[in-house]
Amino acid sequence: MPRLNPGMAETTADRIMSLLRRRAMTVDDLASELALSGNAIRPHLAVLERDGLVQRSGMRRGTSKPARTYVLSREAELRYSRAYAPVLTELLHVLARSLPPGEFTRLMREVGRGLMTNRPRPTGTMRQRVEGASALLNELGGMARVEKQNGGLVIRSDGCPLAEATLRHPEACVAVESLLTEFAGLSVTNCCDRGETLRCCFEVGAAPPRRRSH
């Protein structure tokens, strides 16, 4: 089960999340399970709620007054699943064997564009939009930053959020390329480093990309 602080001893916040994964609980429920006071539980709940990992789910009748219940958020639930990466990787293996190379790449571009459905795009200068694209890559699990290179801008990330997939299928980088292109409204081309450690790299141009006909 994943922890908020991997590699460290299980924290009170980790234990709260594990309990809330089972069922909705009140502060008193959590305090009883963890042998702590309600005052010790509340600050941890507040931080988890602020970070979008826990959310309020309703009210439960108590002995004196109704008590608020808490559950894990959808984002927190996703953190517990170890299935997404291997399922995605195996799906790419199947598609790579079944489709011509050009069709596979086209499909990856469609995946990237589809991820932007109903998502607001950044506005402002080119630099501001590139910074927004870099922030989006970080949301996906990257460690990205914007750098100047040869008079242009490059998004670089220490590591790759799709490493398990891109290790054998570089075409998966095309999905992220298309995602950032759609998001920033700029021409984005991947220049990813596929050395011993996979590292994302995306060169950004000012001209909006032309739609390809299929």
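This is a predicted model: local features need pLDDT of at least 70, side-chain atom pairs count only at pLDDT 80 or more; totals for chains, interfaces and linings use all residues.
**Exercise 1.** Determine how helix 2 and helix 3 are oriented to each other, and which residues make the contact.

*Solution.* 
1. Helix 2 (residues 27-34) packs with helix 3 (residues 38-50) at an angle of about 110°, and their axes are 9 Å apart.
2. Angles of 65 to 115 degrees count as roughly perpendicular; the two helices are therefore roughly perpendicular to each other.
3. The crossing of helix 2 and helix 3 is right-handed.
4. Helix 2 contributes Val27, Leu30, Ala31 and Leu34 to the contact, and helix 3 contributes Gly38, Ile41, Arg42 and Leu45.
5. Sorted by class, these comprise six nonpolar residues, one polar and one charged.

**Exercise 2.** Locate the partners of the salt bridge between Arg109 and Glu177, and state whether they are buried or exposed.

*Solution.* 
1. The N to O distance between the two side chains is 2.8 Å.
2. Arg109 belongs to helix 6 (residues 101-114) and Glu177 to helix 9 (residues 172-184), so placed that 68 residues separate them.
3. Both Arg109 and Glu177 are buried.

**Exercise 3.** Describe the salt bridge between Arg199 and Asp158 and the network around it.

*Solution.* 
1. The side chains of Arg199 and Asp158 meet at 3.4 Å, N to O.
2. Arg199 lies in strand 7 (residues 198-199), whereas Asp158 lies in the loop between strand 4 (152-157) and helix 8 (163-166), so the pair ties together parts 41 residues apart in sequence.
3. Arg199 is partly exposed, with a relative accessible area of 34%, and Asp158 counts as partly exposed at 34% relative accessibility.
4. Through shared partners, salt bridges join Arg145, Glu147, Arg156, Asp158 and Arg199 into one network.

Methods
Residues are numbered from 1 along each chain as its sequence is written. Side-chain values use heavy atoms; hydrogens and water are left out. Axes are lines fitted to C-alpha atoms, for helices over the stretch in contact, and angles run from 0 to 180 degrees between N-to-C directions. Helices (H or I, at least four residues) and strands (E, at least two) are DSSP runs, numbered from the N terminus. Angles under 35 degrees count as roughly parallel, over 145 as roughly antiparallel, 65 to 115 as roughly perpendicular and the rest as oblique. A crossing is left-handed if the near helix is turned anticlockwise from the far one by less than a right angle, and right-handed if clockwise. Contact means heavy atoms within 4.5 Å. Ala, Val, Leu, Ile, Met, Phe, Trp, Tyr, Cys and Pro count as nonpolar, Asp, Glu, Lys and Arg as charged, and the others, Gly among them, as polar. A salt bridge is a side-chain nitrogen of Lys or Arg within 4 Å of a carboxyl oxygen of Asp or Glu. Buried means under 20% relative accessible area, exposed over 50%, partly exposed in between (1.4 Å probe, protein chains only).
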